[in-house]
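This report is for a reader new to the structure.

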Amino acid sequence: MNAMRRPVGIEIGSWVRFDGQVRAVTALTTTTVTLTETDGPVVAVELDALLRGEDFAVVDILVRQPLPAASLLETFPKPVVETGAVGS
């Protein structure tokens, strides 16, 4: 049996170039990838469409990027979120 597999490098926390923008992978299933910009909207993309995108690439981000706003992060005290101590 031939199981479908995600390409190496596409996982939560990865950064990908798609549709002219670099976005963070914030969620994924076997068929859908959720992409988020630091200051933009959340976009759900079919995995097949992502992989077939003309400019698709998994990119390395060498600097620490801010996390996108999320309801779970908003439950932590502001000083904790600002220092990045969440999950440390």
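## The hairpin of S1 and S2

In the hairpin formed by S1 and S2, two residues lie between the strands, and aspartate 19 takes a positive phi near 55°. Strands here, written E, are DSSP runs of at least two residues, numbered from the N terminus. Strand S1 covers residues 15-18 and strand S2 covers residues 21-28; four bridges pair them in the antiparallel sense. Two strands count as paired if DSSP finds at least two bridges between them. Tryptophan 15 stands opposite alanine 24 in S2, and valine 16 has arginine 23 in S2 as its bridge partner.

This is a predicted model, in which local features need pLDDT of at least 70 and side-chain atom pairs count only at pLDDT 80 or more, while totals for chains, interfaces and linings use all residues. Residues are numbered from 1 along each chain as its sequence is written, and side-chain values use heavy atoms, with hydrogens and water left out.

## From S2 to S3 and the whole sheet

A second hairpin leads from S2 to S3 through three residues. Strand S3 (residues 32-36) runs antiparallel to S2, and four bridges join the two. Valine 25 has leucine 35 in S3 as its bridge partner.

The strands belong to an open sheet of five, in the order S4-S3-S2-S1-S5, with antiparallel pairing. Strand S4 (42-46) and strand S5 (57-59) stand at the edges with a single partner strand each, so one side of each has no neighbour in the sheet. On average, neighbouring strands of this sheet are turned by 45° against each other, direction ignored; the axes are lines fitted to C-alpha atoms, and angles between N-to-C directions run from 0 to 180 degrees.

## Isoleucine 10

Isoleucine 10 is placed in the segment before S1. Its relative accessible area is 3%, so isoleucine 10 is buried (buried means under 20% relative accessible area, exposed over 50%, partly exposed in between, with a 1.4 Å probe and protein chains only).

Neighbours within four places in sequence left aside, isoleucine 10 is in contact (heavy atoms within 4.5 Å) with Leu28, Leu47, Leu50, Leu51, Phe56 and Val58. Isoleucine 10 and valine 25 are 15 residues apart in sequence, with 7.5 Å between their C-alpha atoms.

## Threonine 36

Threonine 36 lies in strand S3. Threonine 36 is buried, with a relative accessible area of 5%.

The side chains of threonine 36 and threonine 26 are joined by a polar contact of 3.0 Å. A polar contact is a pair of N or O atoms within 3.5 Å; within protein, one must be able to donate a hydrogen and the other to accept it, and residues adjacent in sequence count only if both atoms are side-chain atoms.
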